[in-house]
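Dear colleague,

Here is the structure I said I would pass on. My notes on it follow below.

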Amino acid sequence: MRRILLSEKDLPKQWYNIQADMPKLPPPPLNPQTKRPISADDLKVIFPMSLIEQEVSTQRWIDIPDEVLNIYASFRPTPLYRAVGLEKALGTPAKIYFKHEGFGPAGSHKTNTSIPQAYYNKKEGIKRIATETGAGQWGSALALAGTLMGIEITVYMVRISYDQKPYRRIMMETWGAKVYPSPSDRTEAGRRILKENPEHPGTLGIAISEAVEDAATNKDTNYALGSVLNHVLLHQTVIGLECKRQLEIVGDYPDVVIGCCGGGSNLGGISFPFLYDKINGKDVRVVAVEPSSCPTLTKGEFRYDYGDTAGLTPFLMMYTLGHDFVPPGIHAGGLRYHGDSPLVSQLCHDGLIEARAVGQTAVFESAILFARTEGIIPAPESAHAIKVAIYEAIKAKEEGKERVILFNLSGIGFLDLPSYEAYLSGKLTDFEYPDEKIRESLCRLPEIRI
Ligand SMILES: *Cc1c(COP(=O)(O)O)cnc(C)c1O
């Protein structure tokens, strides 16, 4: 079967919470000032109570509210595809499956969490949500959720993306959100940075500082994060739960589950339901793929760090490159984050998730092959997962093994066409670290010849 579909009645009714089953839970988030474990009261300033409860819950299954299911149903369950064209081009005995999360109106998996986040805020009487966006996918997912749930959205958009990706901004504005380039003069954090450098290109860390400050200083305003936090990864598990049922239909089970990893949410979403099996003895590998220019899991340190640049967010235990790390301006904007989800970090640390870093020219080479064999133009972020899926398929061919490979297509690339143009015209290069030691130690995959 090439396209494996579920019907609306097969939508998962509960999210899977991996905190119930992890061999070791991450150490608690700390208050950024006192360095003591953070309390619900600290978080109440910027988050609704239901999400704070989900953040710390160790209950295995959490009900999805009917109002959320109702909106999920407008684009879920998403199809699972067998990549027959790609398999043929590679001449691999492996079966390659991919979950198409670019199906929703915003074009990425991020609506799986923006919808419940908008819902819980609205239900608890909040009028407005402030957030940040890098490449614009999270901002557009939240803008969409805001208009469907009836809650105002303010987006601080990393300036370099604001300037380079006007279509994302227009999408957000079409759905009724207010969008400001960050650093902006609307917050203390933004003004401080603009004073030092009026031309600052912005980072996700700075934009987070601005949105958190906006939420903390306005009573009817909360904050929402599109990745990293436990409740975000929880909401994304609909991806993996659907995949499991879809693979059952064709009688397959993956040997390896692959996802690109920026803050860890689409990877967590597709893999956690399979990690449940792994924790219970099943033989399945999970691979996180990140850009070699922002190698958080492969080259970062496992320690407490801030989620943002100004140090306003909780101190989280995670793999980090340092909260002041400014990654180079690669095309996969959604993967430019200095840290990673504490859940994914802990699972990586404990050997349940493997990590790989890949360079962007190799990523685009894979994206092009995928587009020319499957027809779908992937988001540059998702193409990181494609690169490693291709690598695994070639390895299976070399070893003569009929493996089952599953990867997440986290989004489509219609608004990333300028990066395709850069690649096709030979202008795209791999970022090279000035520091030779870092460069040499980067965990790169061997080049794949196709
Ligand atoms: C945001 C985004 C990512 C990276 O975020 P994760 O939380 O790591 O999933 C990956 N792919 C797409 C299409 C995105 O929009």
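Which helices and strands each supply at least two residues of the lining of the largest pocket? They are α1 (40-44), α2 (49-56), α11 (230-236) and β13 (315-320). Please keep in mind that this is a predicted model.

The largest pocket

The volume of the largest pocket is about 500 Å³. Its lining is made up of 32 residues, and those closest to the centre are Pro29, Glu55, Leu229, Asn230 and Leu316. The biggest contribution to the lining comes from α2, which gives four residues. By residue type, the lining divides into 24 nonpolar, seven polar and one charged.

Methionine 49

Methionine 49 sits in helix α2. With a relative accessibility of 30%, methionine 49 counts as partly exposed, because that class lies between the limits of under 20% for buried and over 50% for exposed. Leaving aside neighbours within four places in sequence, the contacts of methionine 49 are Ala40, Lys44 and Glu124. Methionine 49 and threonine 147 are separated by 98 residues in sequence, and their C-alpha atoms are 22 Å apart.

Lysine 110

UniProt, in an unreviewed entry, lists Lys110 as "modified residue: N6-(pyridoxal phosphate)lysine". In the model, lysine 110 is found in the loop between β5 (95-100) and α5 (111-123). Is lysine 110 buried or exposed? Its relative accessibility is 15%, so lysine 110 counts as buried, the limit for that class being under 20%. Once neighbours within four places in sequence are left aside, lysine 110 is in contact with Gln137, Trp138, Ala141, Gly226 and Gln236.

Glycine 202

Another loop position is glycine 202, which lies between α9 (188-196) and α10 (204-217). Glycine 202 has a relative accessible area of 2% and is therefore buried. Which residues does glycine 202 touch, not counting those up to four places away in sequence? They are Val158, Arg159, Ser182 and Pro183. From glycine 202 to proline 181 the C-alpha to C-alpha distance is 8.4 Å, with the two residues 21 apart in sequence.

To recap, the record entry concerns Lys110, a loop residue that counts as buried at 15%. Glycine 202 is buried as well, at 2%, whereas methionine 49 is partly exposed at 30%. As for the largest pocket, α2 gives the most to the lining.

Regards

Key:
Residues numbered from 1 in each chain as written. Predicted model: local features only at pLDDT ≥ 70, side-chain atom pairs only at ≥ 80, totals over all residues. Heavy atoms only, no water. UniProt positions renumbered as here; feature names shortened; annotations may be inferred. Buried < 20%, exposed > 50% of the residue type's maximum accessible area, 1.4 Å probe, protein only. Contact = heavy atoms within 4.5 Å. 1 Å grid on protein atoms, 1.4 Å probe; cavity = no way out; pocket = protein on both sides within 12 Å on 5 of 7 lines; lining within 4 Å. Points joined across faces, edges and corners; volume = space filled by probe spheres on them. Nonpolar A, V, L, I, M, F, W, Y, C, P; charged D, E, K, R; others polar.
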